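Visitor: Can you walk me through this one? I have a few quick questions.

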Amino acid sequence: MVFLLAVGVPDRGFSCEQGSPAQGQGNAHHLAFTEIELEKSHYSDHEIRKLEEEEQLRRRKESMYDDDDDAAGKTVIMVQDLEDKWEQKLLRFEAAPRITDADKNNDRTSLNRKLDSNLLLLVKQKIGNEELWLLPQVEWQPGETLRSTAERAMATFLGDHIQAKILGNAPHGIYKYKFPRAIRTEDNVGAKVFFFKAFLQSSDLSQAELKKDYLWVTKGELGDYLKSEYLKKVNRFLLDL
């Protein structure tokens with residue numbers, strides 16, 4: 001996910017009324033610089049080839065070009081032929097539908113759905129005596145960094161056949177909660193859950209080893225599965241971009 005920041009820089013030039021001579025001069029300078037920039041820009045390979053072929057055609061028309069210059073038996077595909085072929089290919093192109101079979105069947109175990117949205121992985125985990133839908137989590141072990149724990153969680157839930165990349169060493173968000181009074185101790189009254197953001201890099205999930213109970217959902221669908229307090233905390237740092 002890429003965030004673009006637009007930085008506004010004050011224009012400290014001269015203020016010109018519409019139609020004033022200064023404005024006309026400014027437009028003229030702009031056009032002149034644009035023309036110079038175009039003249040000094042480098043041609044692409046395709047443009048160079050097109051210019052060469054135009055020169056060959058010009059010389060042929062003026063009888064200055066000897067056909068023996070071309071290699072005997074060589075098949076020549078002109079740039080114009082290529083452009084016509086590309087134009088025809090573009091006219092025949094049909095975009096794939098944005099609504100997939102997974103959308104029609106509301107198959108939330110498939111990644112091939114909601115193609116215009118980011119999808120989040122939910123797994124069903126046992127917390128105490130309850131089975132809850134959660135963002136994938138594992139318990140931190142002494143000696144681990146928070147990131148290494150996140151990497152272990154990724155390996156635990158995604159297996160070895162799915163590639164994903166964790167972004168940064170710092171948590172993306174945090175959720176704190178207290179234990180029920182019956183299991184609290186003086187030194188342990190609650191827990192903190194640190195969240196890391198990761199991008200899925202695999203496109204083929206046919207050999208994935210995901211847990212049996214998993215879902216790929218949009219931010220708007222989280223409310224169908226997460227408990228309200230947990231959802232409230234998670235929504236603080238989840239951006240639907």
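Visitor: Leaving aside its close sequence neighbours, what is Val234 in contact with?
Guide: Val234 is in contact with Leu135 and Phe195, leaving aside neighbours within four places in sequence. Contact here means heavy atoms within 4.5 Å. This is a predicted model: local features need pLDDT of at least 70, side-chain atom pairs count only at pLDDT 80 or more, and totals for chains, interfaces and linings use all residues. Residues are numbered from 1 along each chain as its sequence is written, and side-chain values use heavy atoms, with hydrogens and water left out.

Visitor: Which residues have the most contacts inside the largest nonpolar core?
Guide: Val234 is one of them, and Leu122, Leu135, Phe195, Leu222, Leu226 and Tyr230 are the others. That core has 17 residues. A nonpolar core is a set of buried Ala, Val, Leu, Ile, Met, Phe, Trp, Tyr and Cys residues joined through side-chain atoms within 4.5 Å. Buried means under 20% relative accessible area, exposed means over 50%, and partly exposed is in between (1.4 Å probe, protein chains only).

Visitor: Which elements each supply at least two residues of this core?
Guide: β2 (130-134), β5 (190-195), β7 and α6 do. Helices (H or I, at least four residues) and strands (E, at least two) are DSSP runs, numbered from the N terminus.

Visitor: What other core lies apart from it?
Guide: One of eight residues, among them Leu119, Leu121, Ile162 and Trp216.

Visitor: What does Leu121 stand opposite?
Guide: Leu121 stands opposite Trp216 in β7. β1 and β7 run antiparallel, joined by four bridges. Two strands pair if DSSP finds at least two bridges between them.

Visitor: Which way do the β7 side chains point?
Guide: Tyr214 and Trp216 point one way, Leu215 and Val217 the other. All four are buried. In a regular strand the side chains alternate between the two faces of the sheet.

Visitor: And Thr218, buried or exposed?
Guide: Thr218 counts as buried because its relative accessible area is 10%. Thr218 sits in the loop between β7 (214-217) and α6 (228-234). Not counting residues up to four places away in sequence, Thr218 touches Lys114, Ser117, Asn118 and Leu119.

Visitor: What is the phi of Lys114?
Guide: Positive, about 45°, although Lys114 is not a glycine. Lys114 is in the loop between α4 and β1. Its relative accessibility is 32%, so Lys114 is partly exposed.

Visitor: What about phi of Asn106?
Guide: Phi of Asn106 is near 50°, again a positive value in a residue other than glycine. Asn106 lies in the loop between α4 (101-104) and β1 (120-127). Asn106 is partly exposed, with a relative accessible area of 46%.

Visitor: Switching to aromatics. How many aromatic pairs are there?
Guide: The structure holds five. Rings of Phe, Tyr and Trp (its six-membered ring) pair if their centres lie within 6.5 Å; planes under 30 degrees apart count as stacked, over 60 as edge-to-face and the rest as tilted. Tyr175, Tyr177, Phe195, Tyr230 and Phe237 form one cluster.

Visitor: Last one. How many helices and strands does the chain have?
Guide: Six helices and seven strands. Buried residues make up 21% of the 241 residues.
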